[in-house]
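Student: I'm new to this one. Could you walk me through it, starting with the rings?

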Amino acid sequence: MGIGARLLRIRAGETRMALTLVGLMLVTSAGAGIGGTASDALLFARYGTAALPQLYLALGVVSFVCALGVSAVFGRVRRERVYPAALVALAALLVAVRAILLTGSDAAYPVMWLAANVVLMLQGIVAWGVASWLCDARQARRLFPVANAAKILGTIVGTASVGAFLVVARLDDLLIVWSVALVGALLVVVRIRGDAPATLVRTATPLREELLIGFRIVRTSSLLRWLAVSLVLFSVLFFALALPFTRAARAAMPDERDLASFLGVFNATTTAAAFCASLFVAERFYARFGVVNAILVFTLIYLAGFVTLVATGSFLVIAAIRWIQMAWLAGMADAAYQALFNPVPPDRRDQMRAFMEGVPGQAGIALAGLLLMTGDLAFDPRAVALGGAVAAAATFAVIWRTRGAYREALVSALRAGRPEPFLGADDSYGRLLADRAAVRTLLGGARSEDVATRRASLQMLADVAVPEARDALLAAATDDDAVVRAHALRGGARLAPQAFVDAARDALAMP
């Protein structure tokens, strides 16, 4: 096996699967980077930005309906049939949209933009669905980060190449390039269909019942309740900042080719910065400050950005704020947000992620459109920016409450004997999630009066052997429970063997 495969934790016999995932993610994300940038530029340059609040509202409604429809279809049709059919349908939709643009109707551009956003959402569902189809749970932990890196790289390549495509093609034709990319993804899926495991169709559950199940689970979890509220607020903040940036960019670059090239470079650089942050900064930040604090910083970026917009409407300032926001979102905040679902039981985790994106997330987009429509009619841009600052402050308060709920959820998982929130990519405690809150939870569990909690905590601390665990391991070396003592001495032997010599002697003299 090559050095690259070992570094990426690709095991013997998985090379073909890993290359398939990488190819799939590269092709779909590159196509989306090209076509998505083109659809934005076409809408902004030819239709204008005045109707963006109404389009945000429509996007929330359309995305919600599509998410429900996809949930119904994907739950009732075998994967080997539904994924190829979905890719064909998405590619055909892009071709149809390109044909509609040939009519020259102004109404074609909002339809195109909504369709492009729906395709972007659904192709992500399909791509990650194929990845889940190919990998079992253990492989997913190791190979999904590789697939995600390929997705980011594809986005960088796609968005950065928009300017080059415009030398030989019209802006409208980039939608066809996106469609061709989806056909390429289709060929990959068809090729692997015979090798992937066959799937069974689960018993159909009415959509109303699925929604009610999601609501019930969220209602019973303090963590999920706060996450639902935060997702609505973050959707509002995202589009409240996207609106002034889009309008300022359109005013600064009237020519559609210049606008498309700028958006391509802008998106490529933010994605590249996010990629570097995810590789070199994120894990260290999470280990030092915790995943929730990465999201708290994100709310402060919004707050500082909207306060700045109250004072100035300069395009360079708006672009800088938007750049920082997008880079932190993709490089730091998104991964941190996904980590907050770790305490959720594994059999419910994917369902809860889908529910959050499909219900609170889309509700937030629709609410953003409604609020921005009202703001456009009744207030000037500075007043709208002030409202954004107030929303950012409220979001900060919600995430602050989420910190406590996240710690409580980690403690509950530990007491229930569920180690999943503390496992790394290779299912070992030795690659503990680099999250300060998780480590503190284990340190607290090491002092618990419940012996089962102490055993679980000390077992994980012994395998991780982080420096912060030294005192906890030393204290547990003389615990009344022999299993706890054994874990403590094993961890101490790895962390500071000389310091545990006396503790080991004392422990050996105990029953």
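**Rings, charges and a pocket**

Tutor: Ring pairs join Tyr56, Trp113, Phe238 and Phe239 into a cluster. Residues are numbered from 1 along each chain as its sequence is written. This is a predicted model, where local features need pLDDT of at least 70 and side-chain atom pairs count only at pLDDT 80 or more, totals for chains, interfaces and linings use all residues, and side-chain values use heavy atoms, with hydrogens and water left out.

Student: How many aromatic pairs does the structure hold?

Tutor: Rings of Phe, Tyr and Trp (its six-membered ring) pair if their centres lie within 6.5 Å; planes under 30 degrees apart are stacked, over 60 edge-to-face and the rest tilted. On that basis, the count of aromatic pairs is 16.

Student: What kind of pair do phenylalanine 238 and phenylalanine 239 make?

Tutor: Look at the centres, which are 5.2 Å apart. The planes meet at 75 degrees, so the pair is edge-to-face.

Student: Is phenylalanine 239 buried or exposed?

Tutor: Buried means under 20% relative accessible area, exposed over 50%, and partly exposed in between (1.4 Å probe, protein chains only). Phenylalanine 238 has 22%, so it counts as partly exposed. Phenylalanine 239 has 11% relative accessibility, so it counts as buried.

Student: Which residue lies over the face of phenylalanine 238?

Tutor: A charge sits over a ring if NZ of Lys or CZ of Arg is within 6 Å of the ring centre and within 35 degrees of the ring normal. Here the distance from the ring centre is 4.8 Å, and the residue is arginine 322.

Student: What is the average pLDDT of the protein chain?

Tutor: pLDDT is the predictor's confidence in each residue, from 0 to 100. In this chain 88% of the residues score at least 70, and the average is 85.

Student: Which element gives the most to the lining of the second largest pocket?

Tutor: On a 1 Å grid over the protein atoms alone, a pocket is an open set of points where a 1.4 Å probe fits, with protein on both sides within 12 Å along at least five of seven lines; lining residues have an atom within 4 Å of a point. The second largest pocket is lined by 19 residues, including Pro244 and Arg382. Helices (H or I, at least four residues) are DSSP runs, numbered from the N terminus. With five residues, the element that gives the most to this lining is H10.

Notes. Helices (H or I, at least four residues) and strands (E, at least two) are DSSP runs, numbered from the N terminus.
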